[in-house]
Amino acid sequence: MDKVKNGPREQLERVVLGPLVRTGKGYRLLVGGLVLVVLWALFAYSTQLRDGLIVTGMRDRILWGFYIILFVFFIGISHAGTLISAILRVVKAQWRTPVTRMAEFITVVALSVGGLMPMLDLGRPDRIPNLVLFGRWQSPILWDVLSISTYLTGSIIYLYLPLIPDLAICRDRLGNEVPGWKRWFFRVASVGWQGTARQKKLLSIALASMMVLIIPVAVSVHTVVSWIFAMTLREPWNSTVFGAYFVAGAIFSGIAAIILVMAVLRRAFHLEAYITHKHFINLGYMLGGFTLIMMYFNVSEYVVTGYKMAGETSFHFVQLMVREYAPFFWLYTIGGMVLPGLIILFPKTRTFTGVLVAAGLVLVGMWMERFIIVVAGLRVPLMPYDPSWYVPTWVEWSIMAGAFAMFGLVIAVFSKLFPVISIWEVAEQYEEHEVKEAPALGRSLPATGSLRMEPTSEPPAEGADHGPGGTR
Amino acid sequence: MGITRRSFLRRAAVVLAGVAAAGAGWSYLKGLAQSANEAPDQAASLPSAPVQQRTPQPHHWAFVVDTTKCIGCGKCVAACKEENNVPEDPHFNRTWVERYVIDEQGEAYVDSPDAGVHGFESWPVNSKYQNIQVVKSFFVSKLCNQCENPPCVQVCPVGATYKTEDGVILVNRSRCIGCRYCIQACPYGARFLDPNLRVADKCTWCYHRISKGMDPACVEVCPVGARMFGDPADPDSAVAKALRENRISVLKPNLGTRPQVFYIGLDQEVR
């Protein structure tokens, strides 16, 4: 990867490093808007700090609401990144290369935002240190604290390792184009990377270990998140399948999040040459596969409970299927699983736009799913009274808006500090093709072969699971 | 290339300094948390009894509710609120009284207006449940069951809720972080988040009274003796007698929580 002086490599660097140097008006506007939303959310939270959780819609019957929904939602999205990028690395899926960096970004950011949510849910946030000082391992909450902090640490390492060579590229290429503090940052953060054989070997060992280690950690995280629910004596959550259901749902929503964030960054930073429609289609296939898994889980869950109609579960079943929460439930099942599944299934709709629509539907659907699990689950009365209601207040709406704004904001800031595409990995892959190309083997190229296409070129929508058209 | 000894030593020194700083921060936090524990605890705003008077005797307390005697006057709820500084807001209660009304079809209607603190006189059954033919009606008072296997203690992340040697579940208000997981874990709806202190709260069987040999406030004021408290090991106690002479049951026995509040004459509709 050292001294390739040909066009594509330099063009790649120019495109990917561009945003680190130049900042457009649109970016400033976006960041300004996001900051305003976050500030508003902080104001909303300050009223909660002053008056207590009484300013929320949560009461002693339905005592979890938006905060816990967002917690599960963002932790779910975080699975996008590390898990997907690790799985793709492990199975050596070549097309992953330009995607992994963004996926890993999303993981770190979503984990940070998601991890913040339960803290907002506390009556006494000033006592958070008690979790460390007096933590007890009997409590599923401590399992969460442990697994999420492990996952966050692991994801930061996993994001950082493949960043090192890129940071070195930034250090070497971006001289006086960037302010001094950024130069300092690149110098320190690239930890003396020179691309020597030994350094490369160490990096590849580290990456290989991390990508294997991070998978069980990621799986454990969402399993433990599900246990927060499943470990309590609440009938609708009394399910041994909850762990697997949550892990699948997490990856499902994670893929959708990657697709959307990727589409935004691709547009904003003009990465059309590197992130092609094929990447979206491939992620669309993964999304489509997961709709089947999710549907299977739902069928197993609701056919069993609906057949028995025992006690409190029958109340839950009825409120989901036909009563109060039926709109949410059907929006989730039809809108969030069946429809995206069909969009991916038919070649006609399996296009760039189609995949984006499917991803958006999945994200909305999965938010609904978490709403159903948390709020509708808690609504099942423990006591023989009329079931209570959860109506979120303006504080909770504001904090939800703030959480999404924060997610966007951190990604926006990250995109100015780090290359959003792994330059060295893409370049390395490009070189491999150069070598392979020489004997003119007729083998299908990995997707990044499209790296040499013009920015406007797109692989054909049909048969997109093969290499870019032309080589076959 | 690589790391020279000098740079290694320099970096190691930085790391060590970081660890030392983290340690210092840790002990600072620990100090903070300890001082928080020493801070005046509202739970202990009891007349400061000499220590020897509060000996945790080898008791194992039990509570008996005779639902056949309860008249739904709500004096127990009022006494509890006064004795334990429970917020006046009817949403927050350490004990409450439920009214069960069974109609001809065997349908059960349950209500607990203002937790029953004002009694049920001004809340006629039929104003809420129009056109039902009442077959039978009774009151059931509820409180923390002080379970032998308390799910709330199991899930508390910081050990703020705990079981005393004499079998009462208490909340350490100066440690509770207000995560409300215990409230969610309790299958009996016995817990709530204190809106002022923002920590979990629940019935303690008036631990400050029972540990001085007195009855809980609700037992003290009950005009019909529907609530009894004592140590079943003492054969002369009202509780031991009630447990001996009646057919008793507990709430939700299937959950395996082993409640220590025993009910006489519990109807199948009561959950």
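## Basis of the model

The model is predicted: local features need pLDDT of at least 70, side-chain atom pairs count only at pLDDT 80 or more, and totals for chains, interfaces and linings use all residues. Residues are numbered from 1 along each chain as its sequence is written, while chains are lettered from A and ligands numbered from 1 in the order in which they are written.

## Overall organisation of chain B

Chain B contains eight helices and 11 strands; helices (H or I, at least four residues) and strands (E, at least two) are DSSP runs numbered from the N terminus. Of its 271 residues, 39% are buried, a term that requires 20 or more other C-beta atoms, placed from the backbone, within 10 Å of the residue's own.

An automatic or database assignment provides the domain bounds: domain 1 covers 5-38 and domain 2 covers 60-95 + 141-271. The C-alpha centres of domain 1 and domain 2 of chain B are 44 Å apart.

## The four-strand sheet

Strands of chain B form an open sheet in the order S9-S1-S11-S10, with mixed pairing; two strands pair if DSSP finds at least two bridges between them. S9 (227-230) and S10 (248-249) of chain B are at the edges and have a single partner strand each, so one side of each lacks a neighbour in the sheet.

S1 (residues 62-66) and S11 (residues 261-264) of chain B pair in the parallel sense through four bridges, and Asp66(B) has Ile264(B) as its bridge partner in S11(B). Helix H8 (residues 238-245) of chain B lies across S1, S9, S10 and S11 of chain B, at about 115 degrees to S9(B); such angles run from 0 to 180 degrees between N-to-C directions, with axes fitted to C-alpha atoms, for helices over the stretch in contact.

## The hairpin

S2 (residues 95-103) and S3 (residues 108-111) of chain B run antiparallel and are joined by four bridges. Val101(B) stands opposite Tyr109(B) in S3(B). Four residues lie between the strands of this hairpin, in which Gly106(B) has a positive phi near 85 degrees.

## Contact with chain A

In chain B, 34 residues are in contact with 31 residues of chain A, contact meaning C-beta atoms, placed from the backbone, within 7 Å. H5(B) gives the most to the side of chain B that touches chain A, with four residues.

## A helix pair in chain A

H2 (residues 25-51) and H15 (residues 394-417) of chain A pack at an angle of about 145 degrees, with their axes 8 Å apart.

How values were computed. A residue is buried if 20 or more other C-beta atoms lie within 10 Å of its own, exposed if 12 or fewer, and partly exposed in between; C-beta atoms are placed from the backbone. Two residues are in contact if their C-beta atoms, placed from the backbone, lie within 7 Å.
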